[in-house]
Amino acid sequence: MAVIDASSAQLETALAATTRPRGRWRVWVRTWVPAGMVVFILAICFLGPVVLPIAKPTGGDVLESGLSPFSSGHLLGTDSNGNDILSRLLYGGRASLEVGITVNLIGLVIGGGIGAISAYVGGIVDTLIMRGLDVLIAFPSLVLTLAVAQSLGPSKRNTIFALAFFSIPAVARIARSSTLRLREMPFMQAAQLCGSPWWRILLRHITPNIGPQLISFAALGMGIVIVTEGALSFLGLGIPPPAPSWGNMIFDGQQSMSATPMEVVWPSVALLITVLSFNQLGESLRARWSGR
Amino acid sequence: MNVHETLDGATLDRPDRSAVGMPGDRPRARRTNGGSSAEEPILTVSDLRVTFSRAGRTVYAVNGLSYEVRPGSMLAIIGESGSGKSVSTRALMGLLPPSATVTGSARLGRPGDDIELVGRSEKEMRKLRGCDVAMVFQDPTRSLNPTMKIGAQIVEAIKAHRDLDKRAARERAVELLKLVRLPAAERRFHEYPHQLSGGMRQRVMIAIALAGDPRLLIADEATTALDVTTQAQIMELLVDLQKRLGMAVIMISHDLGLAASYAEEVLVMYAGRAVEYASTTDLFAHMRMPYTCALLGAIPQLSTQAHSQLPVIGGQPPDLSALPTGCAFRPRCANAADDCAERPPLAEHEPGHWFACWHPADRRAAVATPPADQRADQRAAATDHRTDGGEA
Amino acid sequence: MSVASGLLPTRPRTGFGRLGRAAGSPLVRLIVKRVLLAIPILLGVSVLTFWVLSLIPGDPARAMLGMNATDAQVEALRHEYHLDESGPQRYLDWLTGALHGDLGTSMVSSQTMSSMLADRWAVTFELVALAFIVSLAAAVPVALLAARWPGGVFDRISMLCSVTGLAVANYVLALLLVLVFAVEVNVLPAIGYVGLGQGLGPNLKSMVLPTLAMAIPLFCFYTRFLRGDLVDQMQSEDYVDTARAKGIGPWRVLWMHAFRNSSFGMITIVGLNIGTLVGGTVIIEQIFALPGLGQLLLQGINTRDTVVVQDLVIIFAAIAVFANLLVDVLYAVLDPRIRYGSH
């Protein structure tokens, strides 16, 4: 009977697929539109200021303050300090993305490493590491980053440190649970029986298997990190002015919000679109890689 | 029953519309145990077709299925996973996802007083479900709601079709639990599914199915997830209930041996079509369809030499989105020849024995069913040991 | 075969006896285990907070007194706040005090922490509680409606809204709400807090915008989660098929079967959110000038009041730990599989 049960249940798979009435093109759109948006945002923030004729984001002339959009040389106008809003938007985005990418890389490498090793080694090491992560996870992320940011003082580097502090345990947990599942797989046992050293098993067998899941999580993490970085900067504990970031632009604009609401709207919209793109990319990658 | 509109009942002798152009009469296996042979069928399925469409791809799950079930009898539908056995019965219940298209006809009830199950709206089907047709699912662990007491789940089924007050519904539920021989029914009423053993859970599932006094009970692999001992107890219970309540039962399984022991008639499905259809005795006396033989061959038997390799059905089940012309079993069939490129129709080659094959085998089954009287003894023995206490 | 089953020994069922349930019950065991797990986490949280805050360069006493203070004054202040002691010693002193209910005294306002907490906790509690109530009360019906007809118009609209809502930072949302309701339409107070002492109406009115700023992202999150879980269950769970096969109505299937099971996942999610939400009060209270714990933390950070910061960071983390503990227990109490033990 096992023979019959083991036969590829094609109808079952067909049924499972049909319960989600999704066209192929919709799946395509859901993956590639956010991916395209992310590429576009990265390109315009990192290359835009180099390629396009854009004023400097800082050191604006007070005489040129509060210019309306489409004034000469200032496509989106200037803020109350006379700085070009578009330029600040792009440089601010660059800062946000740098922080986001660095934090997530740190989270992926260190958190992923800790999680995978913890699960692979198991035993008391695993228990200790997990208890340690429990402590880190207990902190509400903003509170922990506020405390760290205050101790280290506001700067881009310290913002990255502070944010990495809560990014690591989240990734580590996911890496750990995936590795635990992998450890039971026959091919892992086969690799162990073949006498592969542990680091080789981690690199050759575990990493490629948990990688996709971690990367899709990191895409979702980008959104969280960018929003939290904005919050830190908004509270004056992130990227220190006059260097632009979306968070401190929103804070600056808030002061004169009733008079010039657009100064808040531009960075807010940029933040929204960026976070939305990363969230959707993460979602679709997760859907794709979890075989759904 | 006021919802049952009597549709045109005089269409029974209309020509069969199935593509193979078989004779006008619908397959009807010869009854072996006399007495009820005169009885009219309670379910008449003709030319049932189910397709699923997704992203421009069409999966042909059931392709012109016809059969009949008489009250108080059991029909076994046998096949591999993906043969359409489960889909074809879910279609009768209206339990398929919205991507499914069902055509053909399935009439429930005696001619003249029958209702069409195919093509009804969800709202109409809801009134029939549980009341006229009920279903028991494969895995009793997953098919009971883990967060509701079993009593509440049965009461819910009772109240779905009858306007009873709380107390009366409760009493009826306990009655049903006793009917399915659940030990300590009153106490179990207040327990959650996880506190029961697998066999007990399946008894509760049967009680739920019986709540609306169904005329037809579909047991979809109802014993597959159970251990062999419990499997036998549940099958005995089903057979007993079927006789006592005069229900018709369709039992879906991939286990030909199980069908041999309990069902009166067997229908073997392959790639969404019936390929062999006969009374159990006829079928096991000489199997004609090579696929049926192969199915039987895949079951280990006591007579098989120890440590010998089990025969397997070679090859893959057919791709239901691109069915081959001709016989669907051809690529895996030992008897296949050139003329199998034309699909053999399901025809009554011997009285009461229908099969769809140009080059039939003739095999007397080694695990032939025990004679009828012996089977009765077995059942009597089983009913003496009704407790499920042994399983945990 | 049936004969054989009668001869098999019956496995004794332990843990189901009505009498033996309380003492050795899985529920009690689970609660004890969770509480024991929470203690080392709380200790770890406080140690980590102490360590992180000790990284601050410079001397807090000197910073507070300014450049003109004499060395003697600075030394006196250092002594008053035990800053002249070693880190571990200070931690032990703090821990002893905290266990006796003494959380120290603010270095800036000279108020005791206990009196400041007493003044402010209710504001934060009200904000968080209102945010949860509003978001859940809105999310459950929306998710049910969306899951009733997946892919339908309502489903699509609600999913579009929640996807967008999830991407909006709460400080942006707060500013947007102020801009619309307080500046443009001017129907609600933009900032400030009216205590319960001045009547429930004015109090709630002052809480509308802050509550919405916290509740809307949460609502989006819950709607999305619950809708996804409901649709998953409706499509793949066998007990949903059983329920449908009974012939009961679609709403009842959705509510009694799918939602009932989803609610357990919801409880976990809500528990995990409590910590994040309490942390989020820092920024919302700042924007709306609510005199709560979050605002106090930010004031502490800006005035470099180490005692306030360290106590509040630990309190926020402790709230998250206790919230998770509470949820674990609640889950165990509600889920019959845990309540009555499981195989």
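**Note on a predicted model: chains B and C**

1. Start with one pair of residues. Ser53(B) stands opposite Thr58(B), which lies in strand 2 of chain B. Strands here are DSSP runs (E, at least two residues), as are helices (H or I, at least four), numbered from the N terminus. Strand 1 (residues 43–54) and strand 2 of chain B run antiparallel, joined by 10 bridges.

2. A word on ground rules. Residues are numbered from 1 along each chain as its sequence is written, while chains are lettered from A and ligands numbered from 1 in the order in which they are written. This is a predicted model: local features need pLDDT of at least 70, side-chain atom pairs count only at pLDDT 80 or more, and totals for chains, interfaces and linings use all residues.

3. Strands count as paired if DSSP finds at least two bridges between them.

4. Chain B has another open sheet. Eight strands line up as 6-7-8-3-9-10-12-11, with mixed pairing. Its edges are strand 6 (133–136) and strand 11 (347–350) of chain B; each has a single partner strand, so one side of each is left without a neighbour in the sheet. On average, neighbouring strands are turned by 25 degrees against each other, direction ignored. Axes are lines fitted to C-alpha atoms, for helices over the stretch in contact, and angles run from 0 to 180 degrees between N-to-C directions.

5. Look at strands 3 and 9. Strand 3 (residues 74–78) and strand 9 (residues 265–270) of chain B are parallel and share four bridges. Ile77(B) has Leu267(B) as its bridge partner in strand 9. Helix 11 (residues 290–297) of chain B packs on this sheet and touches strand 3, strand 9 and strand 10 (273–279). Its direction makes about 100 degrees with that of strand 9.

6. Strand 6 pairs in the parallel sense with strand 7 (residues 216–220) of chain B, over four bridges. Val136(B) has Ala219(B) as its bridge partner. Both faces of strand 6 are covered: Val133(B) and Met135(B) are buried on one side, Ala134(B) and Val136(B) on the other. A residue is buried if 20 or more other C-beta atoms lie within 10 Å of its own, exposed if 12 or fewer, and partly exposed in between; C-beta atoms are placed from the backbone.

7. Compare the make-up of each chain. Chain B has 12 helices and 12 strands, and 52% of its 392 residues count as buried. Chain C has 15 helices and zero strands, and 36% of its 343 residues are buried.

8. Which residues have the most contacts inside the largest nonpolar core? This core has 260 residues, and the list includes Ile154(B), Leu216(B) and Tyr171(C). Such a core is a set of buried Ala, Val, Leu, Ile, Met, Phe, Trp, Tyr and Cys residues joined through C-beta atoms within 7 Å.

9. Check confidence before reading chain C. The mean pLDDT (the predictor's confidence in each residue, from 0 to 100) of chain C is 81, and 88% of the residues score at least 70. Over residues 1–23 of chain C the pLDDT is below 50. Where pLDDT is low, the predicted coordinates should not be read in detail. The model scores ipTM 0.79 and pTM 0.81.

How values were computed: Two residues are in contact if their C-beta atoms, placed from the backbone, lie within 7 Å.
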